[in-house]
Amino acid sequence: MGKNNTTQEKFKSKIGGQALIEGIMMLGPNTGAMACRLPDGSVDLETWDENNGRNAPWYKKVPLVRGCTGFVTSLVKGYKYMMKSAEKQIPEDEEDEKDKKDKKSEAAASEAVDGKNGKKEESAYDIVMYIGILIGVVMAFGLFIFLPKWIVGLIPGVKEHRFVRSLLEGIVKIVIFVLYMYLISLMKDIKRQFMYHGAEHKTIACHEAELPLTVENVRKQTRFHKRCGTSFIFIVLIVSIFVMCFVPFTVTWQRIVASLVLLPLVVGVSYECIRLAGNNDNAFTRILSAPGLAMQRITTKEPDDSMIEIAIAALTPCIPKDKEEDRW
């Protein structure tokens with residue numbers, strides 16, 4: 001698992017996270033937090049209420065359903081705080097210019113009601129956010145649903161053999177995913193984000209080992225985690241292969257429609273699989289987790305101490321007082 005894996009987890013935490021731009025978001029049973037390193041070197045921390053504990057709504061508890069709703073929620077929330085973390089990296093001089101422009105705009109519209117202005121700004125931000133999510137979903141559709149089926153559909157003699165075709169489509173998806181992640185990992189900014197991803201994993205591992213959250217303790221932990229989003233995506237790709245084997249359609253556009261219709265089922269089953277892998281350690285779950293853990297060699301990098309400090313700052317407010325609420 002890696003040279004830094006020097007301690008054993010004593011329990012499995014519900015807390016999960018996401019690397020942002022120069023920051024990390026953590027989501028706990030009752031609290032969410034985002035910590036970012038500002039351009040001046042200081043740490044900015046935001047917290048908010050979450051409802052993932054004992055009193056969580058039914059759709060967060062029902063098998064299959066919880067995977068689908070959790071996926072959509074994490075997609076929206078992740079993009080929202082990614083945008084907010086990017087805004088925090090704007091240098092102060094640019095912010096001052098922006099503030100001046102905002103003040104001029106406010107003066108020109110001084111007759112408008114403050115509450116309405118706030119709602120308009122919030123509405124505009126939401127529109128931009130959802131447009132960004134829509135673009136991301138369309139790109140994912142093109143790369144992981146349309147392209148593999150189109151490529152395999154061009155191979156002579158495969159169309160009528162749905163098991164072979166499903167397997168080949170899955171292999172193409174995995175190749176595209178691995179190649180895509182590897183290529184973006186070469187970008188400087190993405191590499192830093194993957195370092196923050198490593199800091200997130202190591203900090204959660206330190207928490208699960210029940211060690212004090214210090215930079216020294218976190219540094220010793222492994223950066224690989226079975227319940228990571230990268231592992232989840234890999235399981236989605238694998239489950240989709242098996243599900244598509246039962247789809248009788250051979251025409252490419254019909255298989256694309258079937259993939260979209262069956263996507264909630266694939267996501268729901270994949271979530272239950274990652275829960276199974278996260279809660280058990282046997283031959284089957286190790287095989288199930290192996291591809292995702294291998295992929296984390298690309299999507300996580302060893303962080304520096306300043307990144308670990310950010311991860312600790314984000315995780316600390318999310319730890320509930322009652323440890324039982326934190327158990328996975």
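These legends accompany several close-up views of a predicted model.

The model is predicted, with local features needing pLDDT of at least 70 and side-chain atom pairs counting only at pLDDT 80 or more, while totals for chains, interfaces and linings use all residues. Residues are numbered from 1 along each chain as its sequence is written, and side-chain values use heavy atoms, leaving out hydrogens and water.

**View 1. The whole protein chain, for orientation.**
Start here to get your bearings: the protein chain has 10 helices and 4 strands. Helices (H or I, at least four residues) and strands (E, at least two) are DSSP runs, numbered from the N terminus. Along the sequence the pattern reads β-β-β-β-α-α-α-α-α-α-α-α-α-α. Of the 328 residues, 40% are buried; here buried means under 20% relative accessible area, exposed means over 50%, and partly exposed lies in between (1.4 Å probe, protein chains only). Contact means heavy atoms within 4.5 Å. Among contacts between residues at least 6 apart in sequence, 72% join residues at least 24 apart. The chain exposes about 17900 Å², and carbon and sulfur atoms supply 63% of that area. Accessible areas come from the Shrake-Rupley method with a 1.4 Å probe, and for residues only the protein chains shown count as cover.

Helix α9 covers residues 283-299. Its 17 residues should span 24 Å at 1.5 Å a residue, and the end C-alpha atoms are 24 Å apart, which agrees. The expected span is 1.5 Å times one less than the number of residues in the helix. Look for A290, where α9 bends by about 40°, with the proline P291 following within four residues. That bend is the angle between axes fitted to the seven residues ending at a residue and the seven starting there. Buried residues of α9 include T285, L288, S289, G292 and L293. An α-helix has 3.6 residues a turn, so residues three or four places apart point the same way. The partners that the buried residues of α9 pack against are α4 (162-185), α5 (188-208), α7 (229-244) and α8 (252-279).

**View 2. The cap at the N-terminal end of α9.**
A side-chain oxygen of N282 lies 3.1 Å from the backbone nitrogen of F284, capping the N-terminal end of α9. A polar contact is a pair of N or O atoms within 3.5 Å; within protein, one must be able to donate a hydrogen and the other to accept it, and residues adjacent in sequence count only if both atoms are side-chain atoms. N282 counts as partly exposed because its relative accessibility is 33%.

**View 3. Helix α5 and the residue that follows.**
With 17 of its 21 residues buried, α5 is mostly covered. At 1.5 Å a residue, the 21 residues of α5 should span 30 Å, and its end C-alpha atoms are 31 Å apart, which agrees. After α5 comes E210, whose phi is positive, near 60°. Most residues other than glycine have a negative phi. E210 is found in the loop between α5 and α6 (215-219) and is partly exposed at 37% relative accessibility.

**View 4. Two nonpolar cores.**
A nonpolar core is a set of buried Ala, Val, Leu, Ile, Met, Phe, Trp, Tyr and Cys residues joined through side-chain atoms within 4.5 Å. The largest has 16 residues, of which I24, M26 and Y196 touch the most other members. At least two residues of this core come from each of β2 (23-27), β3 (31-37), α5 and α10 (305-315), and α10 gives the largest share, 5 residues. A second, separate core of 14 residues includes V158, V172, M181 and F234. Back in the view of Y196, and leaving aside neighbours within four places in sequence, its contacts include A19, E22, I24, M307 and I310.

**View 5. R165 in helix α4.**
R165 sits in helix α4 and is buried, with a relative accessible area of 0%. Not counting residues up to four places away in sequence, R165 touches K149, V152, G153, V158, K159, T250, T252 and R255.

**View 6. G268 and L64.**
G268 is found in helix α8 and counts as buried at 1% relative accessibility. Leaving aside neighbours within four places in sequence, G268 is in contact with L64, G67 and C68. The C-alpha atoms of G268 and T69 are separated by 8.8 Å, though these residues are 199 apart along the chain. L64 is found in the loop between β4 (43-49) and α1 (65-87), and its phi is positive, near 75°. L64 is partly exposed, with a relative accessible area of 38%.
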